[in-house]
Amino acid sequence: MRRPESIAGECSVLDGIAQVRSVSRFDRRLGLGVGFGAIVAAAVVFALWRPRAAADLNDARRIEAGALVYARHCASCHGDNLQGQPDWTKRLANGRMPAPPHDDSGHTWHHPSAILFGITKKGLKPPYAPPDYQSDMPAFGPVLSDDDIWNALAFIRSRWSAAVRAKHDALERQ
Ligand code: HEC
């Protein structure tokens, strides 16, 4: 006599299971969608980020173009021959530092390329210097494209000795 009721009960349990199953199928699809989205987002971020952080500084065209950028925008302070200003390790009367050499004798090669890029683009401001730091190094962001800056850095790098380039490569891999 109670049978129809219990069947109804079973049915509703089955309905419940069916519902749970379809929800979990939906969840899986959602999960896959989110997972796939994350992979696409990561690929986009990687594609956008990679050329900036890993511009090929050995590229002959970059070096050639960079020689012009350097002559026009850097040589007046850092020297035609990358020799820097005289007595570059001693403060000027105004308390600021002179422009250092960019050749082997300077400090430039002690920094990874991403830092050199940042200093050239943003100037010696945080995070590259303390907030109140006073410097004659201009920020080239408003003047030069990212490519121009990488080209100038490729040119500077091309003027280092093989030994210094090897040390810089090792630094870059750290
Ligand atoms: C108006 C002068 C001036 C010009 C032009 C100039 N710089 Fe500088 N640069 C400086 C001075 C001065 C410093 C040292 C700043 C300090 O320590 O306060 C410096 C420092 C730097 C540093 C940091 C070096 C290190 O060892 O920490 C980099 C990199 C640099 N310049 C790149 C460039 C590049 C590339 C250009 C051309 C696109 C350029 N600079 C043009 C004056 C100049």
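This is a predicted model: local features need pLDDT of at least 70, side-chain atom pairs count only at pLDDT 80 or more; totals for chains, interfaces and linings use all residues.
**Exercise 1. What is the order of elements in the protein chain, from the N terminus on?**

Solution. The order for the protein chain is α-α-α-α-α-α. Now tally by type: the chain has six helices and zero strands.

**Exercise 2. How do helix α2 and helix α5 pack, and which residues meet?**

Solution. Begin with what to look for. Two packed helices are described by an axis-to-axis angle and the distance between the axes. Next, find the pair: α2 covers residues 60-73 and α5 covers residues 146-158. Their angle is about 100°, and their axes are 7 Å apart. Angles of 65 to 115 degrees count as roughly perpendicular, so α2 is roughly perpendicular to α5.

Then look at the contact itself. On the α2 side you will find R62, I63 and Y70, among others, while the α5 side includes D148, W150 and F155. Finally, sort the residues of this contact of α2 with α5: eleven are nonpolar, three polar and two charged.

**Exercise 3. Which residues come nearest to the ligand, and which helices each supply at least two residues of the shell around it?**

Solution. Take the 23 residues around the ligand; C74, C77, H107, S135 and M137 come nearest. Turning to helices, α3 (75-78) and α4 (113-122) each supply at least two shell residues.

**Exercise 4. What percentage of the residues in the protein chain is buried?**

Solution. A residue counts as buried if 20 or more other C-beta atoms lie within 10 Å of its own. Of the 174 residues in the protein chain, 17% are buried.

Key. Residues are numbered from 1 along each chain as its sequence is written. A residue is near a molecule or strand if its C-beta atom, placed from the backbone, lies within 6 Å of it. Helices (H or I, at least four residues) and strands (E, at least two) are DSSP runs, numbered from the N terminus. A residue is buried if 20 or more other C-beta atoms lie within 10 Å of its own, exposed if 12 or fewer, and partly exposed in between; C-beta atoms are placed from the backbone. Axes are lines fitted to C-alpha atoms, for helices over the stretch in contact, and angles run from 0 to 180 degrees between N-to-C directions. Angles under 35 degrees count as roughly parallel, over 145 as roughly antiparallel, 65 to 115 as roughly perpendicular and the rest as oblique. Two residues are in contact if their C-beta atoms, placed from the backbone, lie within 7 Å. Ala, Val, Leu, Ile, Met, Phe, Trp, Tyr, Cys and Pro count as nonpolar, Asp, Glu, Lys and Arg as charged, and the others, Gly among them, as polar.
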